[in-house]
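Me: I'm new to reading protein models. Could you walk me through one, feature by feature?

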Amino acid sequence: MLIDSQKGYEKAAEVTDENYTLRSEFLQRSQERQQLVNDFQAQTRALGAEAQSDGGMLGSLHRAMTDFSSMFRSDEKAALGAIDDGEEQLADYIQDHMDDEISQPTRQLLQRAQMSAREGEAYTERMENFYS
């Protein structure tokens, strides 16, 4: 889901390319999310497993819906709505897995990712209100 989130921020930056403020914020969040992806991949390899390198089918569908939505409403509102939904799903997914038996380094990564998702959700909600 983190990979999908990173790609979602890239897509949102593309859709809002005429709005410097949103585009800049989305690119920054994409880079931040990519760092989390890299950290999770390193932790996965350290635990002896193969790290995921592609996003999921649901994430691809979500990004396609962002493109579709932008045809019927402003690019800003479409991008913000898609990011808001994605961040909520990511934060909830992480919360559902916090009780799993996981190592402390993995738990810390999950907490960072959840905090990032909640911050992204709060930002998009503020911007959605601004663009309403």
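Me: Let's start with helix 4: which of its residues are buried?

Reply: Before we look, keep in mind that this is a predicted model. A residue counts as buried when its relative accessible area is under 20%. In helix 4 the buried ones are Glu76, Ala78, Ala79, Leu80, Gly81, Ala82, Ile83, Asp84, Glu87, Leu90, Ala91 and Ile94.

Me: Let me zoom out. How many helices and strands does the protein chain have?

Reply: Five helices and zero strands. Going along the sequence, you'd write the pattern as α-α-α-α-α. Of the 132 residues in the protein chain, 41% are buried.

Me: What share of the contacts joins residues at least 24 apart in sequence?

Reply: Here you set aside pairs that sit close together in sequence, and look at contacts between residues at least 6 apart. Among those in the protein chain, 74% join residues at least 24 apart.

Me: Which residues have the most contacts inside the largest nonpolar core?

Reply: To read a core, look for buried nonpolar residues whose side chains are joined. The largest one here has 13 residues, and those with the most contacts inside it are Leu2, Phe40, Leu90, Ile94, Leu110 and Ala113. Next, check which elements supply it: helix 1 (2-15), helix 2 (20-46), helix 4 (75-97) and helix 5 (104-131) each give two or more residues. Helix 5 gives the largest share, four residues.

Me: Take Leu110, then. What does it touch?

Reply: Leaving out residues up to four places away in sequence, Leu110 touches Phe40, Ile94, His97, Met98 and Ile102. There's also another core, apart from the largest one, with eleven residues, among them Tyr9, Ala13, Leu22 and Tyr123.

Me: Now the charged residues. How many salt bridges does the structure hold?

Reply: Side chains of opposite charge can pair when their charged atoms come close. This structure holds six salt bridges. One of them joins Glu14 and Lys11, with the closest N and O atoms 3.3 Å apart. Both lie in helix 1, three residues apart, which is about one turn of the helix.

Me: Are Glu14 and Lys11 buried or exposed?

Reply: Check each partner separately. Glu14 is exposed, with a relative accessible area of 52%, while Lys11 is buried at 17%.

Me: Which residues are linked in a network of salt bridges?

Reply: Asp92, Arg118 and Glu121. Follow it link by link. Asp92 pairs with Arg118, their closest N and O atoms being 3.2 Å apart. Asp92 lies in helix 4 and Arg118 in helix 5, so this pair ties together parts that are 26 residues apart in sequence. Arg118 also meets Glu121, at 3.1 Å from N to O. Those two are three residues apart in helix 5, about one helical turn.

Me: And how accessible are Asp92, Arg118 and Glu121?

Reply: Asp92 is partly exposed, at 34% relative accessible area, and Arg118 is partly exposed at 34%. Glu121 counts as buried, at 10%.

Technical notes: Residues are numbered from 1 along each chain as its sequence is written. This is a predicted model: local features need pLDDT of at least 70, side-chain atom pairs count only at pLDDT 80 or more; totals for chains, interfaces and linings use all residues. Side-chain values use heavy atoms; hydrogens and water are left out. Buried means under 20% relative accessible area, exposed over 50%, partly exposed in between (1.4 Å probe, protein chains only). Contact means heavy atoms within 4.5 Å. A nonpolar core is a set of buried Ala, Val, Leu, Ile, Met, Phe, Trp, Tyr and Cys residues joined through side-chain atoms within 4.5 Å. A salt bridge is a side-chain nitrogen of Lys or Arg within 4 Å of a carboxyl oxygen of Asp or Glu.
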